[in-house]
Amino acid sequence: PDYASHLNNLAELYRNTGQFYKAEPLYLKTIDIEKKVFGENYSDIAVTYHNLALLYSGASMLDKAGEYCLKSLSLKQSVFGEDNPVCSETMSTLAYIYECANNFSEAEKYYTKALWLNYERIINNFSFLSEEEKSNYLKTISHYNDMFSSYAMKSKNSNPAITGLVYNNELINKGILLRSSGKMKNAILN
């Protein structure tokens with residue numbers, strides 16, 4: 001298990017430095033090891049599928065990227081449930097792949113579902129987090145929010161309502177930070 005994890009990490013290094021040809025066989029070997037050791041429904045396989053989808057997306061191999069992203073999403077949904085926020089990152093990646101392939105209806109479907117899952121996560125968990133943890137979480141998802149905003153700006157002419165989703169998303173995120181800052185200020189002053 002540790003060996004597979006190290007292979008995946010090395011593959012990530014290669015992917016992030018653009019050495020796709022070195023990363024791909026390591027991801028595939030990681031998947032093979034994880035399946036043999038843990039079985040087909042091991043949740044970490046979904047992470048490796050997702051990483052492989054990112055690799056193929058970065059190499060403009062959109063068919064393969066979509067295939068592995070769908071595998072990742074399917075496994076995550078079967079292990080964690082269809083509406084689990086764990087699926088939001090994979091949905092955002094899948095939306096981006098569809099966007100690059102000019103399949104805008106599927107892209108919008110997955111972007112909006114990912115936003116909704118992130119919002120659900122915020123509603124369910126933010127009352128337990130410190131101010132720093134809240135800020136760090138919002139920084140973590142800001143990349144996905146930016147991807148959605150970029151997509152929305154590209155498709156606003158064909159779907160003007162999508163700009164409302166961007167606006168609402170920004171209000172939700174800014175409102176969370178403002179509310180948190182206000183509570184902290186009141187706690188300090190009282």
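A: The axes of helix H4 (residues 62-80) and helix H5 (residues 88-100) come within 9 Å and cross at roughly 155°. An axis here is a line fitted to C-alpha atoms, for helices over the stretch in contact, and angles run from 0 to 180 degrees between N-to-C directions. H4 and H5 are therefore roughly antiparallel to each other (angles over 145 degrees count as roughly antiparallel, under 35 as roughly parallel, 65 to 115 as roughly perpendicular, and the rest as oblique). H4 passes H5 in a left-handed crossing, meaning that the near helix is turned anticlockwise from the far one by less than a right angle, while clockwise would be right-handed.

This is a predicted model, in which local features need pLDDT of at least 70 and side-chain atom pairs count only at pLDDT 80 or more, while totals for chains, interfaces and linings use all residues. Residues are numbered from 1 along each chain as its sequence is written, and side-chain values use heavy atoms, with hydrogens and water left out.

On the H4 side, the contact with H5 is made by Leu62, Ala65, Gly66, Cys69, Leu70, Ser72, Leu73, Lys76 and Gln77. H5 answers with Thr90, Met91, Thr93, Leu94, Ile97, Tyr98 and Cys100. Contact means heavy atoms within 4.5 Å. By class, the residues of this contact divide into 10 nonpolar, 5 polar and 1 charged (Ala, Val, Leu, Ile, Met, Phe, Trp, Tyr, Cys and Pro count as nonpolar, Asp, Glu, Lys and Arg as charged, and the others, Gly among them, as polar).

Helices (H or I, at least four residues) and strands (E, at least two) are DSSP runs, numbered from the N terminus. The C-alpha trace of the chain spans about 55 × 45 × 30 Å along its principal axes.

H5 also packs against H7, at an angle of about 30° and with the axes 10 Å apart. H5 and H7 are therefore roughly parallel to each other, and H5 passes H7 in a left-handed crossing. Glu89, Ser92, Tyr96 and Glu99 of H5 meet Tyr144, Met147, Tyr151 and Lys154 of H7. This contact has 4 nonpolar, 1 polar and 3 charged residues.

H7 has another partner in H6 (residues 104-125), and the axes of these two come within 11 Å and cross at roughly 155°. H6 and H7 are therefore roughly antiparallel to each other, and H6 passes H7 in a left-handed crossing. From H6 the contact takes Phe104, Ala107, Glu108, Tyr111, Thr112, Leu115, Asn118, Arg121 and Ile122. From H7 it takes Tyr137, Leu138, Ile141, Asn145, Met147, Phe148 and Tyr151. The residues here divide into 11 nonpolar, 3 polar and 2 charged. Met147 and Tyr151 of H7 take part in this contact and in the one with H5.

On a 1 Å grid over the protein atoms alone, a cavity is a set of points where a 1.4 Å probe fits but cannot get out, and a pocket is an open set with protein on both sides within 12 Å along at least five of seven lines; lining residues have an atom within 4 Å of a point. Grid points are joined across faces, edges and corners, and a volume is the space filled by probe spheres set on the points.

The count comes to 1 cavity of 30 Å³ or more, and about 40 Å³ of space lies in the largest cavity. Its lining is made of Leu115, Asn118, Tyr119, Ile122, Ile141, Asn145, Asn169, Ile172 and Asn173. H6, H7 and H8 each give two or more residues to that lining, and the largest share, 4 residues, comes from H6. The lining residues divide into 5 nonpolar, 4 polar and no charged.

The largest pocket holds about 160 Å³ of space. It is lined by 10 residues, and the closest to its centre are Leu138, Ser142, Asn145, Asn173 and Lys174. H7 (131-155) and H8 (162-189) are the elements that give two or more residues to this lining, and H7 gives the most, with 6 residues. The pocket lining divides into 2 nonpolar, 4 polar and 4 charged residues.
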